[in-house]
Amino acid sequence: MKTILITGCSSGYGLETARHFHANGWNVAATMRTPRPDLFETSDRLRILALDVTDPDSIALALERAGPIDVLVNNAGIGLFGALEHSPMQKIRDVYATNTLGTIAMTQAAIPQMRTRGSGTIVNVTSSATLAPFPLAAAYTGSKSAIQGFTGSLAHELAPLGISVKLVEPGYGPTTAFAQNTDIRLEDVLPEPYGNYAAPILAAMAAPAPFTTEADVAEAVWAAVHDTSGRSHFPAGADALALAGG
């Protein structure tokens with residue numbers, strides 16, 4: 001029975017992906033900064049582990065407690081929406097620390113066991129903002145675009161070792177906490193003259209069509225993990241598929 005470790009499982013895409021793989025018979029290590037056992041049904045195939053992807057000691061301990069893993073899904077992320085001019089630099093650093101460096105650190109830590117075994121899959125969850133420019137999300141898009149390039153290069157590097165590296169690119173998920181995991185107030189990052197420009201964008205985000213659901217992402221991760229064709233990109237959600245031309 002195979003084992004998958006997923007980061008960022010306290011809500012949204014990570015939570016649904018953990019549930020999806022568990023329901024389909026996998027051993028699941030569901031990680032999050034503050035473990036929430038109440039989010040899952042009790043199971044001997046499920047471990048809920050504390051993990052802060054910005055902390056090397058936390059990464060090492062989580063991987064030790066998870067035991068051998070066949071798949072790593074780098075899903076943990078922080079959203080940041082607003083005008084770059086008014087986005088606090090510390091918040092931008094936090095976004096890159098989690099979305100970019102956290103993904104790289106988790107990947108680097110998981111490679112040795114996969115290399116020794118000669119098999120494994122790494123799935124990096126980015127965003128459809130990397131497929132087409134999205135306004136008022138420059139720092140966030142940059143953090144995810146860096147992982148696009150990182151993944152493409154790493155896939156070539158690890159293929160001879162039997163390790164595959166894939167990208168899942170979700171669209172906009174209105175039911176997720178994209179920008180709720182920050183203490184920045186929207187009015188602070190969208191003062192005039194940005195407010196008038198942002199108004200129709202915010203209105204469209206309030207009633208998106210099409211959009212991405214948590215199940216869309218879970219199914220895309222499942223497809224990426226089980227792919228044997230060498231495909232590297234897996235847009236998730238109707239909007240992401242439209243942007244990708246599929």
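Is Phe-81 buried or exposed, and what is its relative accessible area? Phe-81 is buried, at 7% relative accessible area; buried stands for under 20%, exposed for over 50% and partly exposed for in between, with a 1.4 Å probe and protein chains only.

The model is predicted: local features need pLDDT of at least 70, side-chain atom pairs count only at pLDDT 80 or more, and totals for chains, interfaces and linings use all residues. Residues are numbered from 1 along each chain as its sequence is written, and side-chain values use heavy atoms, with hydrogens and water left out.

**Figure 1. Overview of the protein.** The protein has eight helices and seven strands; these are DSSP runs numbered from the N terminus, helices being H or I with at least four residues and strands E with at least two. Along the principal axes, the C-alpha atoms fill a box of roughly 55 × 35 × 30 Å. The radius of gyration is 18 Å, which agrees with the value near 18 Å for a compact globule of 246 residues; the radius is taken over C-alpha atoms, and the globule rule is 2.2 Å times the number of residues to the power 0.38. Of the 246 residues, 46% count as buried. Among contacts (heavy atoms within 4.5 Å) between residues at least 6 apart in sequence, 69% join residues at least 24 apart.

**Figure 2. Aromatic pairs.** The whole structure holds four aromatic pairs. Rings of Phe, Tyr and Trp (its six-membered ring) pair if their centres lie within 6.5 Å; planes under 30 degrees apart are stacked, over 60 edge-to-face, and the rest tilted. The pair of Phe-21 and Trp-26 is edge-to-face, because the ring centres are 5.1 Å apart and the planes stand at 90 degrees. Both Phe-21 and Trp-26 are buried. Phe-81 and Phe-134 form a tilted pair, with 6.5 Å from centre to centre and 55 degrees between the planes. This pair links distant parts of the chain, 53 residues apart: Phe-81 is in the loop between strand E4 (71-74) and helix H3 (89-117), and Phe-134 is in the loop between strand E5 (120-125) and helix H4 (138-158). Phe-134 is partly exposed, at 33% relative accessibility. Phe-21, Trp-26 and Trp-222 form one aromatic cluster.

**Figure 3. Arg-19 and the ring of Phe-40.** The charged end of Arg-19 sits over the Phe-40 ring, 5.9 Å from the ring centre. A charge sits over a ring if NZ of Lys or CZ of Arg is within 6 Å of the centre and within 35 degrees of the ring normal.

**Figure 4. Helix H6.** H6 (residues 194-206) has 13 residues and spans 18 Å from its first C-alpha to its last, close to the expected 18 Å; the expected span is 1.5 Å times one less than the number of residues. At Pro-200, H6 bends by about 30 degrees, the bend being the angle between axes fitted to the seven residues ending there and the seven starting there. Gly-195, Ala-198, Ile-201 and Met-205 are the buried residues of H6.

**Figure 5. Helix H4 and Ile-163.** H4 has 21 residues. Its buried residues, among them Tyr-140, Ile-147 and Leu-158, pack against H3, E5, E6 and strand E7 (233-236). Ile-163 lies in strand E6 (residues 163-170) and is buried, with a relative accessible area of 2%. Not counting residues up to four places away in sequence, Ile-163 touches Ile-111, Met-114, Arg-115, Ser-119, Gly-120, Ile-122 and Leu-158.
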